[in-house]
Amino acid sequence: MIGIIVVTHAQLAGEFINAAELIIGPAEKLLAVSIDRSSALEAAQEQLSHSVQIVGEDGDGVLILTDMFGGTPTNISAELLSPGKVEIVTGVNLPLLLKAISGRRSQALEALAAMLKDYGRSAVMRPMEML
Amino acid sequence: MSLVLTRIDNRLIHGQVLETWVPYVHADCIVVANDEIASSPLKRMMMEASVPSRMRVEIGTVDEITALFGSGSLEKCKILLLFGNTADALRAYRNGLIYQRLNLGNLHAGAGKTRLSCTIFLDKEDIGFLQELDVAGVAITARCIPADSERSWKKLVPRRKLKQ
């Protein structure tokens, strides 16, 4: 099964996982990495690499979801990009995370990442437009 | 050319720089002087892609950027200049890339580094480099994001660590 790591500024990552688990119950192979104001880059990179090893143990690949393109969480994740092994989708939102968890058993890593990029965008709505 | 911010930030272009400093100093050009990023196509591409398209971005080695400043091609720009560490900032200055003020943003922990603030960790070598810039007349201050108060770097460093 594809492993998932959420990497964000501050505690968003852990709280995204808390929110997702509140909705769908406990999920496996799902870890959070937080980058705080005082985090040393090397320490954060090490924690991320270690997390990739843990959730990627079975060789099915690892999907990293980050909060913002251009931010440090994305920049440190990019160093781990590897075709078929590690993919990144930026701009994580809750619908995207839920879709990643439910979709990861039925598709390969590249297809999952490509689908999530479109899905995450389509999950941003403006209810006023629907009236 | 106006140099609206010269900053040492080991994260180089990242959220704090793009979301707070760029609008605060009204920069229209970001320049990164860093040998490692300059030689990594992926990191370079990611950093370039993260900058709004209305801005100019120049990424190069410390020597390339020093030469770029000397070439006059940045004449009309309002530049936000980023270095990754104190050694690069000093090397550029010694080679003629002159700046009047230097902002210390993120200089994070590493072996042998002492914590001076939540985002600034320096070792003896860093302090020596900054002191050389200070003596040359550069006003060095610590301020991670515009919302932080600005403090002279010397107020952060214990007096016994400064060479008299």
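Predicted model: local features only at pLDDT ≥ 70, side-chain atom pairs only at ≥ 80, totals over all residues.

Reader: In what order do the four strands of chain A form a sheet?

Author: Strands of a sheet pair through backbone hydrogen bonds, either parallel or antiparallel. Here two strands pair if DSSP finds at least two bridges between them. The open sheet of chain A has the order S2-S1-S3-S4, with parallel pairing. Strand S2 (30-35) and strand S4 (86-90) of chain A stand at the edges, each with a single partner strand, so one side of each is left without a neighbour in the sheet. Strand S1 (residues 3-9) and strand S3 (residues 62-66) of chain A are joined in the parallel sense by five bridges; A:Val7, for instance, has A:Thr66 in S3(A) as its bridge partner.

Reader: Which helix lies across S3 and S4 of chain A?

Author: That is helix H5 (residues 109-122) of chain A, which runs at about 0 degrees to S4(A). Such axes are lines fitted to C-alpha atoms, for helices over the stretch in contact, and the angles run from 0 to 180 degrees between N-to-C directions.

Reader: What is the order of strands in the sheet of chain B?

Author: Its open sheet of seven strands has the order S3-S2-S4-S1-S5-S8-S9, with mixed pairing. S3 and strand S9 (151-152) of chain B are at the edges, each with a single partner strand, so one side of each lacks a neighbour in the sheet. S2(B) is joined by five bridges to strand S3 (residues 56-60) of chain B, and the two run parallel. Within that pair, B:Ile30 stands opposite B:Val57, and B:Val32 stands opposite B:Ile59. Five bridges also join S2(B) to strand S4 (residues 78-83) of chain B, again in parallel; there, B:Ala33 has B:Phe83 as its bridge partner.

Reader: Why is strand S2 of chain B described as largely enclosed?

Author: A residue is buried if 20 or more other C-beta atoms lie within 10 Å of its own, exposed if 12 or fewer, and partly exposed in between, with C-beta atoms placed from the backbone. Five of the five residues of S2(B) (residues 29-33) are buried, so the rest of the structure largely encloses this strand. In a regular strand the side chains alternate between the two faces of the sheet. In S2(B), B:Cys29, B:Val31 and B:Ala33 on one side and B:Ile30 and B:Val32 on the other are all buried.

Reader: How many residues of chain A are in contact with chain B?

Author: Two residues are in contact if their C-beta atoms, placed from the backbone, lie within 7 Å. By that rule, 13 residues of chain A are in contact with 15 residues of chain B. The largest share of the side of chain A that touches chain B, three residues, comes from H3(A).

Terms used:
Residues numbered from 1 in each chain as written. Chains lettered and ligands numbered in written order.
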